[in-house]
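Hello,

Here is the structure you are taking over. My notes on what was found follow below it.

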Amino acid sequence: ICACGDVFETEIAALGHNYVNDICSRCGSEKPDPSDVYNEQKITVYDANGTPAKELGSVTVAEMKKYTKTQNFTMVDNSAGQTKTHLCKGIALTDFFANFFGDYCLTGLQVVSASDGYRISLSADQMKETMVIWLMDGELTNSDANGLRLAVNGGTSSAWLYSPGEF
């Protein structure tokens with residue numbers, strides 16, 4: 001309101017968040033994790049007979065996030081024919097089984113896509129170099145409902161799974 005009594009209105013655009021180390025310097029809020037869109041997705045583990053390997057049956061991403069790790073993985077990009085290092089965020093496969101299916105002794109694993117039947121097999125040694133990931137290089141691993149990926153260090157990035165190079 002002006003001293004003469006006139007009223008002026010003007011719209012001031014919001015400044016928006018300014019994240020420093022994932023905390024907004026203006027309001028103090030935490031930077032949202034883009035992978036939260038995957039929180040309700042589940043992984044179900046079956047034994048060789050096709051029976052869920054645990055009474056729980058499935059584990060959600062929200063449950064897995066308690067054991068989140070960030071690690072560099074080197075993979076071959078088959079489309080470009082180059083080796084690239086990616087910063088992967090997820091749960092190590094060994095931690096996944098230890099924390100959710102601890103009473104099983106695994107010597108190998110076959111992973112099958114529920115959507116298209118694509119499959120890979122992992123040896124016990126390869127399982128030690130594998131993560132279930134939801135972020136790669138700070139980005140979601142996929143924009144569709146099937147957002148989780150299996151990343152194998154030294155593998156290839158040409159499939160929905162980042163599979164071992166020999167498969």
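**Salt bridges and cores**

Lys69 and Asp95 join through their side chains in a salt bridge, 3.0 Å from N to O (a side-chain nitrogen of Lys or Arg within 4 Å of a carboxyl oxygen of Asp or Glu). Lys69 is in strand β5 and Asp95 in helix α2, so the pair ties together parts 26 residues apart in sequence. (Helices, H or I with at least four residues, and strands, E with at least two, are DSSP runs numbered from the N terminus.)

This is a predicted model: local features need pLDDT of at least 70 and side-chain atom pairs count only at pLDDT 80 or more, while totals for chains, interfaces and linings use all residues. Residues are numbered from 1 along each chain as its sequence is written, and side-chain values use heavy atoms, without hydrogens and water.

The structure holds four salt bridges. Among them, Lys65 pairs with Asp33 at 3.6 Å, N to O, and with Asp36, where the closest N and O atoms are 2.9 Å apart. Shared partners join Asp33, Asp36 and Lys65 into one network. Lys65 is buried at 17% relative accessible area, whereas Asp36 is partly exposed at 41% (buried is under 20%, exposed over 50%, partly exposed in between; 1.4 Å probe, protein chains only).

The largest nonpolar core has 22 residues, and Met64, Leu93, Phe96, Leu122 and Trp134 have the most contacts inside it. (Such a core is a set of buried Ala, Val, Leu, Ile, Met, Phe, Trp, Tyr and Cys residues joined through side-chain atoms within 4.5 Å.) Helix α2 gives the most to this core, with four residues. A second, separate core of seven residues includes Met75, Cys88, Ile133 and Ala151.

Regards
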